[in-house]
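Please read these notes with the structure open beside you. They go from the whole chain to a few side chains.

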Amino acid sequence: VLRNSAPVMVDKKEYSGVVFFLFFTFFFVPVACVTVAIMFAVWHFNVSAGGMQIGLVELVDKHGIAAVTTHLVSPVINPTLSAVKSELLSKAQGNVLEVGPGFGENLRFYEQNAVNLTVLEPNAHMHTLIVQEAEDIGMSLRLIKGAVETAGMDITQGLKANSFDFVVSTMTLACVQDQNQALKRIHFLLKPGGRLLFLEQDGFPVGSTWKLVEMILAPLWRWSSGGCTFGRGIIGRIKHMKGSKPRMVEQFSGRLAGLGIPFSYGMIEKLL
């Protein structure tokens with residue numbers, strides 16, 4: 001005896017999610033890895049034209065890999081951040097310390113006559129182009145090799161407590177291993193009433209499809225960028241930096257390849 005039974009209903013949203021996951025994992029990620037490898041090979045033959053000497057041996061070192069990745073990614077992401085950087089960094093004046101300046105992409109956003117600029121960059125591969133960028137725009141600065149987590153611990157750096165009116169960090173704090181220690185050192189270096197100007201990527205909302213993508217790509221991005229990991233709660237840590245209070249925190253969605261990426265920027269003041 002045949003009995004009528006209700007047809008099996010397939011959740012289209014669930015089915016689409018599975019298809020997307022399989023496509024992303026077994027097609028997009030391998031293709032992306034091969035593409036990155038090719039870009040690295042091309043970079044090996046062109047990097048000297050930019051004033052930076054990085055060979056295949058240096059690419060094994062995390063700083064060499066990070067320098068290459070930064071150089072490749074910066075032209076893509078900088079256009080979507082330029083307006084915010086211009087607004088944010090125009091507030092800097094007096095003694096200013098920028099941590100993790102990369103290739104010096106931010107130098108053009110400072111009011112040159114208003115700042116006495118020091119830049120702290122741990123990656124020596126970046127130094128030549130920082131100096132070159134400063135020379136191109138006619139800006140004087142002091143360049144120190146070092147990491148923000150240990151800033152001021154080495155007396156030879158000349159970084160003293162309560163010595164800076166502003167500390168600037170754009171897309172840097174997500175890349176440090178110990179974010180709490182980095183914020184402690186920033187607080188140490190700021191004068192009472194001094195301010196941290198920051199711009200960071202928030203990470204996608206938990207439970208979203210793009211959060212899953214972010215998690216899958218995290219190991220590759222961490223390796224290629226020298227340790228950067230988004231979505232670790234850096235914005236919350238910045239807002240609650242001990243001995244400080246937020247003066248301004250804003251969010252915006254930056255467009256990158258048609259995708260809206262969440263960013264936050266703002267200003268945190270060190271209390272007296």
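Predicted model: local features only at pLDDT ≥ 70, side-chain atom pairs only at ≥ 80, totals over all residues.

1. Residues are numbered from 1 along each chain as its sequence is written, and side-chain values use heavy atoms, with hydrogens and water left out.

2. The chain has six helices and seven strands; these are DSSP runs, H or I of at least four residues for helices and E of at least two for strands, numbered from the N terminus. Of its 272 residues, 43% are buried, meaning under 20% relative accessible area with a 1.4 Å probe, protein chains only.

3. T172 sits in the loop between β4 (164-170) and α4 (179-189). T172 is buried, at 10% relative accessible area. Beyond its neighbours within four places in sequence, T172 is in contact with V99, G100 and E200 (contact: heavy atoms within 4.5 Å).

4. There are two aromatic pairs. Rings of Phe, Tyr and Trp (its six-membered ring) pair if their centres lie within 6.5 Å; planes under 30 degrees apart are stacked, over 60 edge-to-face, the rest tilted. F252 and F263 are stacked, 5.3 Å centre to centre with 15 degrees between the planes. F252 lies in strand β6 (residues 244-256) and F263 in strand β7 (residues 259-270).

5. F263 is buried, at 2% relative accessibility. F252 also pairs edge-to-face with Y265, at 5.8 Å and 70 degrees.

Methods
Buried < 20%, exposed > 50% of the residue type's maximum accessible area, 1.4 Å probe, protein only.
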